[in-house]
Amino acid sequence: MKNKNHYVAIMAGGVGSRFWPMSKSSFPKQFLDILNTGSTLIQATFERFVSFIPEENIFVVTSQEYVSIVQDQLPLLPAQNIIAEPERKNTAACIAYISFKLNKINPDANLIVAPSDHLIGDLDLFTESCLKALEFTSQHQALVTLGIKPTHANTGYGYIQYENSQGEVHPVIRFTEKPHRELASKFLSEGNYLWNSGIFIWKVSDILDSFETYASQIFQIFLDIISFLNTPHESQAIAYAYENISPISIDYAVMEKAKNVFIIPVDFSWNDLGTWNSAWENFQKDGAQNASNNQNTILVDSKGCMVHSNEKKVVVIGGLEDMIVVNTPEALLICKKENEQQIKEYVARVKEITGELYI
């Protein structure tokens with residue numbers, strides 16, 4: 001039996017600019033099947049949760065412009081469970097919105113907040129970890145996150161240090177955002193650091209208490225409009241709220257300040273699929289460590305390349321090493337894998353020269 005007090009909020013409002021040109025602002029990566037699995041990232045996320053969360057208790061928080069895409073890709077999701085943000089104000093606003101809304105629906109709601117674009121394997125382990133967290137938060141006034149055991153000194157992830165206490169749930173000591181390589185290597189050797197998965201679990205009443213204590217501006221703005229939530233006047237009230245909220249992540253607004261933060265180390269395979277390098281890591285590769293999504297791609301004297309093309313034409317890559325090549329009908333990207341963090345700068349340059357057409 002699925003617990004009627006268990007809820008999920010899937011965050012799906014990002015633009016995925018580091019996956020340009022495949023991911024565009026009008027149709028970002030969470031709505032794409034980047035790894036040729038047969039499901040888009042948001043569809044895979046929904047399927048993970050619907051196995052143990054009541055269908056009617058799954059919500060998607062997304063940008064107003066993506067509501068119709070969510071409806072098309074998740075036809076089983078009730079229309080009223082698609083929560084439209086009028087503008088992007090980072091994750092704290094998103095989480096405050098759904099938490100205030102759910103608290104009016106069910107004050108006993110126990111909520112999982114998860115990104116829409118992560119790649120997760122070992123679904124039984126994932127389910128077990130989520131249910132373990134929900135059980136803990138149902139019994140304690142706690143903010144819980146799932147921590148990924150690091151496999152290497154990755155500088156693109158946030159790290160969480162925790163106390164080596166007894167049991168499976170540990171108190172958090174501190175958060176560190178994207179350390180340089182030497183510090184990441186130090187964290188790895190110390191052994192009590194985990195990657196920040198961005199998956200959070202808490203009772204909505206507890207996260208609202210934390211907003212009141214640590215992010216009072218956001219709390220007060222939503223408190224002012226609470227009577228309009230779940231009514232025909234909600235969208236107008238939310239537009240007012242978002243106009244007055246400063247953009248900030250939930251990590252900075254609450255998690256790094258709160259004293260009741262806990263972490264559960266998890267063993268399921270995980271990738272935040274934030275860059276083309278992360279896609280390359282998850283594709284099947286040839287003997288020269290090249291990854292491609294298309295049988296019409298031919299690689300000659302090349303190694304370590306990530307090639308993505310959705311066109312029927314033959315793509316020949318000759319003599320390249322550790323490159324990203326992405327071919328779409330509107331754009332072609334060629335850059336070094338080591339420069340993937342600069343793709344946002346490339347997109348800004350494209351916008352400067354050509355306007356909004358190609359982004």
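Is Glu356 buried or exposed? In this predicted model, local features need pLDDT of at least 70 and side-chain atom pairs count only at pLDDT 80 or more, whereas totals for chains, interfaces and linings use all residues. Residues are numbered from 1 along each chain as its sequence is written, and side-chain values use heavy atoms, with hydrogens and water left out.

Glu356 is exposed, with a relative accessible area of 54%; exposed denotes over 50% relative accessible area, buried under 20%, and partly exposed the range in between, for a 1.4 Å probe and protein chains only. Glu356 is placed in the segment after helix 11 (343-354). Helices (H or I, at least four residues) and strands (E, at least two) are DSSP runs, numbered from the N terminus. The side chain of Glu356 forms a polar contact with that of Lys351 at 3.4 Å. Such a contact is a pair of N or O atoms within 3.5 Å; within protein, one must be able to donate a hydrogen and the other to accept it, and residues adjacent in sequence count only if both atoms are side-chain atoms.

The largest nonpolar core holds 49 residues, of which Leu111, Trp202, Phe211, Phe222 and Ile250 touch the most other members. A nonpolar core is a set of buried Ala, Val, Leu, Ile, Met, Phe, Trp, Tyr and Cys residues joined through side-chain atoms within 4.5 Å. Helix 3 (residues 90-105) supplies the largest share of this core, 9 residues. Another core, of 45 residues, lies apart from it and includes Val8, Ile10, Ile82 and Ala142. In soluble globular proteins, nonpolar side chains tend to be buried together.

Helix 4 (residues 123-139) has 17 residues and reaches 25 Å from its first C-alpha to its last, close to the 24 Å expected at 1.5 Å a residue; the expected span is 1.5 Å times one less than the number of residues. Among the buried residues of helix 4 are Phe126, Cys130, Ala133 and Leu134.

An open sheet of 4 strands has the order 12-14-16-17 and mixed pairing, where two strands pair if DSSP finds at least two bridges between them. Strand 12 (291-292) and strand 17 (332-336) stand at the edges with a single partner strand each, so one side of each is left without a neighbour in the sheet. Strand 14 (residues 306-309) and strand 16 (residues 323-327) run parallel and are joined by 4 bridges. Ser309 stands opposite Asn327 in strand 16.
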